[in-house]
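Hi,

Here is the structure I promised to hand over.

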Amino acid sequence: MQSYGIAAIAPFSHRLAFDSQPSDIQHLRCKVNFHALVFVPHVRTLGDALVSHLRSPPSLDNASSATHFHKGENDRAGAGKYVVLHLRFDKDMAAHSACDFGGGKAEKLALAKYRQVLWQGRVLNSQFTDEELRGQGRCPLTPEEIGLLLSALGFNNSTRLYLASHKVYGGEARISSLRQLFPFMEDKKSLASSHELSEVEGKASLLAAVDYYVSMQSDIFISASPGNMHNALLGHRAYKNLKTIRPNMTLLGKLFLNKTMQWSEFQQAVQQGHKNRQGQMRIRKEKQSIYTYPAPDCMCKA
């Protein structure tokens, strides 16, 4: 406190009570969370620069691998718009899930060893098979799977996609198929210069803050798997009435297990299963956080 003028408090938000609180306390929480809290200037400056690039017409040089582009009325109407994909598929996530990601026995052993080293036995090997885990919607979506989901929902190779992610498990090779589907996919490094990134490079919290800022300005936000950033953005965007797509993990897990399904069947099932998961207001239930579900505590009753 004396050195920096800041009091650091260990994470405790998950222990806060949200039920049976006076309305003025709830309103104050909402004002603090959705209005008072702002990012430091250099995060906002970099975020604004990235948003400006994303709103500008993309360079065809970035899409040299694509041979055909859809240039219909929908694309002209969507000029200047962009979608943020929070691709939560890092090594920690892959190891923690205990799911199979197609790397065979060697990958399974490597992730099991990593799991043991990182969590010292606190996260055990799953007692469920991979099929059972997927059927329960407990496996994070891979870049390939999220690409199929987006395509089934109607996004095409003219979609401007911003990838909000720290490190993708498997690196560039793992996201190559996603890039083929969406050649106008960008991230911080492809949009900003090394000078612009200098103040945040190598600082995970600041990099995440920039992604959060860009996500809040986007036309559509979608997270590949639930998590802290997903929950925070879900609530913040709901408060501002912005469109957020919530993947139906249980449905998708079962669909991806079906190896004989035709594309038309898959597309129809995905669209049907996500009709009510595209930003519709959800009322907070008991014990749920007002920061994830701001209605009705943070909003006026219509």
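**What I found**

The protein exposes about 17,500 Å², and carbon and sulfur atoms supply 53% of that area (Shrake-Rupley method with a 1.4 Å probe; for residues, only the protein chains shown count as cover). Before you dig in: this is a predicted model, where local features need pLDDT of at least 70 and side-chain atom pairs count only at pLDDT 80 or more, while totals for chains, interfaces and linings use all residues. Residues are numbered from 1 along each chain as its sequence is written, and side-chain values use heavy atoms, with hydrogens and water left out.

Of the 302 residues, 40% count as buried (under 20% relative accessible area; exposed is over 50%, and partly exposed is in between, with a 1.4 Å probe and protein chains only). The protein has 14 helices and five strands, taken as DSSP runs numbered from the N terminus (H or I of at least four residues for helices, E of at least two for strands). Take the contacts (heavy atoms within 4.5 Å) between residues at least 6 apart in sequence: 74% of them join residues at least 24 apart.

On the H11 side, Ala208, Asp211, Tyr212, Ser215 and Met216 meet Met229, Ala232, Leu233, His236 and Arg237 of H12. The residues of this contact divide into six nonpolar, two polar and two charged (nonpolar: Ala, Val, Leu, Ile, Met, Phe, Trp, Tyr, Cys and Pro; charged: Asp, Glu, Lys and Arg; polar: the others, Gly among them).

Now the backbone. Most residues other than glycine have a negative phi, and most peptide bonds are trans. Ser20, in the segment before helix H1 (23-36), has a positive phi near 60 degrees, and Ser20 is exposed at 79% relative accessible area. Asn241 sits in the loop between H12 and strand S5 (243-245); its phi is positive too, about 60 degrees, and Asn241 counts as exposed at 66% relative accessibility. Finally, a cis peptide bond joins Ala295 and Pro296, with omega about 5 degrees; Pro296 lies in the segment after helix H14 (263-273).

Cheers
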